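Hi,

Here is the structure I promised to pass on. My notes follow below it.

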Amino acid sequence: MGISCSQMSSSGQYSYSYIFKYIIIGDMGVGKSCLLHQFTEQKFMPDCPHTIGVEFGTRIIEVHGEKIKLQIWDTAGQERFRAVTRSYYRGAAGALMVYDITRRSTYNHLSSWLTDTKNLTNPNTVIFLIGNKMDLEGSRDVRYDEAKKFAEENDLIFVEASAMTGENVEQAFLETAKKIYQNIKDGKLNANMTESGVQHKERGGPASLGDSSSSDKPNCSC
Amino acid sequence: MNSVQKLLSSDETIISSHEVSLVQGWMRSSKHLIILEKNRDLRGLLVVSETVDYALPIDSDFKFDVDSESKSKNVGDVFISISYQKQKLLFEMLPPSKANTFINELLRAMEYQSRRKTAGDYSWLKKYSKKTDLSLENQGVVMDASKLLLDYNEHIPRHSVARGAMQPVAARDSVIKYQMGMMEDQYTYTQGIQIFIGTWNVNGQSPSCSLSDWLSITTDPPHVYAIGFQELDLSKEAFLLNETPKEGEWLRAVTKSLHPGAVYKEICLVRLVGMMLIVFVEENLAQRVDHVVCDTVGTGFMGKFGNKGGVAIRMDLEMTSLCFVNSHLAAHTEEYERRNQDFHVIASSISFNGFLPPKSIKDHDQIYWLGDLNYRITDLDLMRVKNLINQGQYETVLEHDQLKRQHDLGHVFSGYKEGPIHFRPTYKYDVGTDEWDSSEKARAPAWCDRVLYRGEDIKQLVDYKSIPSLKISDHKPVIALFNSDIRIIDMNKYRKKLEEVMKRLDKVENEFLPQVMVDMNDFNFDTLRFLEAQSKTLIIANTGQVPVRFEFIKKCDDSNYCKDWLRIEPYTGFIDPGDKCDVKLVVYVDKRCASKINSGQDKISDILVLHLEGGKDLFITVQGTYERSVFGCSIETLVHLNVPLREISPDKLKELERSRDSSSVSTYSVPKEIWFLVDHLYRNGLKQQNLFEHPGLPSEVLLIRNWLDTGSTDPIPGSVHSVAESLLLLLESTAEPLIPYNLHEACLTASTSYLQCKQIISSLPLHSKNVYLYLCSFLQELLSHSDENGLDGKTIATLFGQIFLRDSPRSRNDPSARERVNQTKARKKASFVYHFLVNDFSDLISPVHVS
C-alpha cells in the first residue's frame with residue numbers, strides 16, 4: 001500500500017507552559033498592591049488599604065508565543081513585617097522593587113530592599129525597579145536620571161510607571177517575564193530547580209498535576 | 001452512587017464508575033460517571049451528583065472524545081467530552097491516573113453497541129432520569145460562552161460556588177478548547193470550495209489515454225480532488241501480494257491530467273488490491289489540511305479479501321472534517337443484499353487511528369462515498385432498458401435501479417443523498433466503443449458507478465455525469481462536482497477571542513481566590529501576669545465567593561506557628577462564604593516561657609501568618625506588656641535582688657538574667673523567696689499530710705506570687721499546699737533546672753554512688769549548691785516527721801528528682817524518648833536525690849555567710 005498519511009498529534013497549544021513566581025517589594029505606600037491590581041484587573045484601586053500580609057494574584061501572559069502564568073505575591077511594606085515577608089522571597093523568578101517618585105525616603109531605602117533580594121533569591125532572579133506614581137510629576141522628589149543611574153549601577157531594569165493611569169505597568173511585568181524567559185532559553189535558569197521560581201509544565205512538575213489552586217501555590221510562607 | 005444503587009433492577013449492574021468534574025461555562029462541579037449494563041446487553045451512562053443528572057443510552061447517537069494534555073506521559077489532565085446528538089458535556093477525570101480503566105469500559109460499550117444489528121430499547125434508563133437532553137439551560141446553567149463573556153457576572157452560579165458545589169475552572173487546555181468551541185461561529189466563517197469526486201472501474205487496464213476529459217473539465221480548477229479506481233489490477237499478484245505497477249502508472253496519469261489552472265498537492269493515496277483512492281488539494285489550501293488518516297477494509301472472497309471492499313481517507317480542512325470512501329461492492333445482479341451488507345461492513349469497520357476513540361466514517365462533517373457500487377437494473381426487459389435509454393428516458397429506468405430502491409427502503413446509505421442522474425448507465429460497454437456489451441453474456445446496462453454524499457453544507461452541482469469518451473474500460477468514468485462550505489478560522493478574530501477567554505479565566509481565577517476579612521490585625525494585651533491567661537477573639541469573615549480553609553502557618557525559622565506563650569483556638573478551620581469563624585487568641589505565660597521573657601530572650605510580640613489555602617496570607621500582630629515576676633528568675637538573679645522584684649526595671653532584670661553572676665558577692669546565700677516559702681512550710685507544714693502531693697489553689701498561688709513580687713510584709717497568704725506548690729513552681733520556672741542540663745548525664749550515671757553524687761553537688765555553682773543542700777536539709781526534716789505527714793523518702797525523691805533534674809523542653813518533645821526510657825531515667829533521678837535525703841551531707845555545707 002502506498003500511503004503517506006500523517007498522524008494527528010495533540011499537544012497543549014492553548015494553555016500556559018510555564019509558571020513564573022514574582023514578588024513585589026518596597027516601602028509602605030509606594031503602590032505595590034495598586035500595581036498588582038492594575039496589572040491583573042486593568043483598573044486603579046483608589047483608597048487601597050495597607051497590605052497586612054501577602055496578597056496573591058495571577059495572570060496569563062504571552063512571551064514569544066509561549067503562554068506563561070504569572071503568580072504574583074504582593075508583600076506588606078511595613079518595616080515591622082520585614083522579617084516575615086523575607087520568607088516569601090525564596091523561589092521568586094522575578095522581583096519588582098517599587099519606590100514612590102514623590103517620596104525620597106522610599107528611594108533611599110532601595111539599597112536595603114536590594115540587599116534582601118540579593119541575599120534571599122537565586123542569582124538569576126530578575127530584579128525590576130519601578131518608580132511608581134509618575135502621574136504625580138508636580139510632586140516629584142526623585143529625578144529620573146538619578147534612579148536610572150542607580151538601576152544601571154546595580155544591574156536592574158528600570159522604568160517609571162503609574163498604577164493610576166496604568167502607564168508602563170504592563171510593560172514592567174512583561175519585560176520581567178521576557179528577561180526570565182530569555183534566561184531559561186540561554187540556559188542560565190534551570191526550570192527544573194525549585195529555587196528558580198519557574199515551573200515548566202512539560203517536565204511534569206507539580207503544575208501539571210492536579211488542581212492549580214492546591215499545588216501551584218505554596219502552603220507555607222517559607 | 002446510593003441513589004443509583006437503589007434504583008438498580010436485578011438484571012442491571014454497574015460496570016464502572018469514575019469521579020469527574022463537569023465543566024459548565026466558567027465553573028466546574030463534581031460528579032460521578034457510571035456505566036450501567038442491562039441484561040448483559042444494553043449499556044447506558046449516568047451523570048450523577050446527589051441525584052442522577054442525565055441518563056444517556058450508549059447507542060449510535062452517543063459519542064465521546066478523550067483529550068489528554070500529555071497523551072504520551074503518565075501525568076497530565078484527562079478530559080473527556082461526551083456528546084449525545086448535537087450536545088456536548090466536558091468532564092475532567094479525577095484522578096487522571098485512573099481514567100484509563102473507565103475510558104476502556106466506555107470504549108468497550110461503544111464497540112459492543114456498534115456491532116448490534118438492531119436498535120435497542122433504552123426505556124429502562126428513564127427510571128434514573130428522564131433527562132437525555134444535555135442542554136444545561138434546563139439546569140439553570142447557561143452554557144453559551146459568548147453570553148458569558150458579555151454578561152459574565154450574571155451567569156456565574158454564585159450560589160452553587162458558595163456552597164462549594166462548584167468551583168471556578170482552571171486554565172487547562174481542554175477547558176480553553178471547550179470555551180473556544182462554544183463560540184466557534186464568532187471567529188470562523190464559511191467558504192465554499194469546489195470538490196471534485198471521480199470514480200472509474202478501469203477493468204485492469206493501463207492508462208493509455210489522457211484523463212483530461214475526465215479530470216479537467218471544469219472552468220475553474222477544483223479545490224479538492226478525490227479520485228477512486230476499481231479493478232486497477234486484476235492479476236493474481238495484485239490480489240495475493242497487494243503489489244502492482246499500476247498504482248504508479250495511474251497516479252502519474254491522474255497527476256498529469258488534473259486541472260492546469262492550479263497546482264495540486266497529493267494529500268494521501270490508499271489502495272487495497274484494485275481499489276485505489278487519491279486525494280489532492282490545491283497547493284495553498286493544502287497547508288490547512290490536518291489529521292490525514294486512511295484505512296481499508298476487504299469484503300470480497302471469504303468475506304475479507306480485498307477484491308471487494310472499501311478504502312477511505314479522512315482529513316480536516318480547516319475546521320471541517322471530510323471523509324472520502326471508495327468502495328467496490330459485491331457483483332451480480334441478484335446480489336443486491338450482499339451489496340447492502342458490504343456497505344454496512346465498510347461503514348462500521350473503517351476506523352481512523354490517531355484519535356481516542358478512533359473515528360469512524362460517520363464521525364465526519366462531510367462524507368463523499370464513491371465507487372463501483374454494482375447495483376443493477378432489475379425487473380425490466382433488456383431491450384426496453386436500451387430503448388428507454390436511447391430515448392433519454394432515464395427516470396423510468398431509474399425506478400428499477402436497485403440502489404434507488406434499497407435506499408428508499410432505508411436498507412443502505414441511509415442519511416446519504418445522491419444527485420439526479422442525467423447520464424447514460426456507465427456499464428457495460430464493449431471496450432473501445434460506446435456500444436453496449438455485445439458478448440454472449442450481454443449484460444444489461446446499469447448505473448454501477450455512483451457518488452453519494454452526506455453532511456450539511458454540501459451542494460451537488462449539476463455536474464454529475466459520466467465521461468463516454470474514455471473507452472479503455474468496460475465502465476465509463478463518473479464525476480460529481482460539489483460546492484461545499486467549509487468552516488475557516490479567522491486568525492485575527494480567533495486570537496482576539498482566545499485572548500478574551502484567557503483574560504476571563506484569569507479573572508475567574510482571581511475573583512474566586514479565597515478572600516477573608518479579619519476584624520483586627522493588631523492585638524494588644526495589657527498587663528499580662530504570670531499564670532494569668534488572657535484571651536481575645538479574632539473574627540475571620542469569609543468575604544469571598546468560595547469556601548475557605550485557613551491555617552496559621554509557621555514562619556521560616558520557627559518550630560511552631562506561634563510563640564509558646566500563645567494559643568490559637570482553632571488554628572485551622574473551614575469557613576463558608578458569608579460565614580465567619582471566631583478564633584481565640586490566648587496569651588498565657590507559664591513556667592515554660594516566663595524565664596525567656598524575664599531574660600529578654602523573648603517578648604510578648606508575635607506576628608502570625610494566617611494562610612488561606614490557595615490564596616493570600618494575612619499577618620496578625622500580637623503584642624502585650626508583661627509584668628515580670630520572681631517566677632522565671634534564675635537563682636543567681638534572686639540572690640542578688642535586695643528589693644522586691646516589682647521595684648526592678650525590666651532592663652535591670654534582663655541584665656541580671658544575662659549575667660547570671662554566681663561568683664560575685666550576693667545579698668543572700670539562698671534566694672529570700674525560697675527561704676520564705678521553705679520557712680513557712682517548716683513552721684506550718686511539717687506535719688501536713690500529702691504535702692507537695694496535694695495541689696494548691698490557683699487563686700492562692702497568684703496571691704503568693706503577688707506577695708513575693710511586692711515583698712509584702714504581711715503573712716504569706718494561702719494554705720500550706722499552695723505554698724508548697726509555689727515553691728515547686730518557682731524551681732520549675734527557671735531557665736535551667738537547679739542542676740544544670742550539662743550535668744544530667746553525669747548525675748544519672750552517678751546515681752548508684754553517693755560519693756559520686758556528692759562530688760557533682762560540690763561542683764555546682766555556689767548558689768545552686770546552697771539551694772540544693774538547703775532544700776535537701778528541709779526535706780530530711782520533713783521526712784523525720786513521716787509518722788505524722790505520711791510522706792516517704794521514695795516519693796519525695798521521685799518528685800524532687802524530676803524538679804532538680806528537669807528535662808530540657810527539647811528532650812520532652814523528642815518522640816524517641818520512650819516511656820520505658822523515661823521511667824528508667826526517673827528512677828535514676830530519684831536515686832540521685834534519695835542519697836541526700838538519707839545521708840548526712842553536712843561536710844558539703846560551706847560556712848554560712850551571715851549578712
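This is a predicted model: local features need pLDDT of at least 70, side-chain atom pairs count only at pLDDT 80 or more; totals for chains, interfaces and linings use all residues.

Residues are numbered from 1 along each chain as its sequence is written, chains are lettered from A and ligands numbered from 1 in the order in which they are written, and side-chain values use heavy atoms, without hydrogens and water.

Back to helix 5 of chain A, residues 144-153: A:Ala147, A:Phe150 and A:Ala151 are its buried residues (buried is under 20% relative accessible area, exposed over 50%, with a 1.4 Å probe and protein chains only). Looking down the axis, those buried residues fall within an arc of 100 degrees, so they line one face of the helix (the arc is taken from the directions from the helix axis to the C-beta atoms). On the face turned away from that side sit the exposed A:Lys149, A:Glu152 and A:Glu153. The cover over the buried residues includes strands 4 (94-100), 5 (126-132) and 6 (157-160) plus helices 3 (104-108) and 4 (110-120), again of chain A, going by contacts (heavy atoms within 4.5 Å).

As for chain A overall, it has 7 helices and 7 strands, in the order β-α-β-β-α-β-α-α-β-α-β-α-β-α. Of its 222 residues, 53% count as buried.

Cheers

Technical notes: Helices (H or I, at least four residues) and strands (E, at least two) are DSSP runs, numbered from the N terminus.
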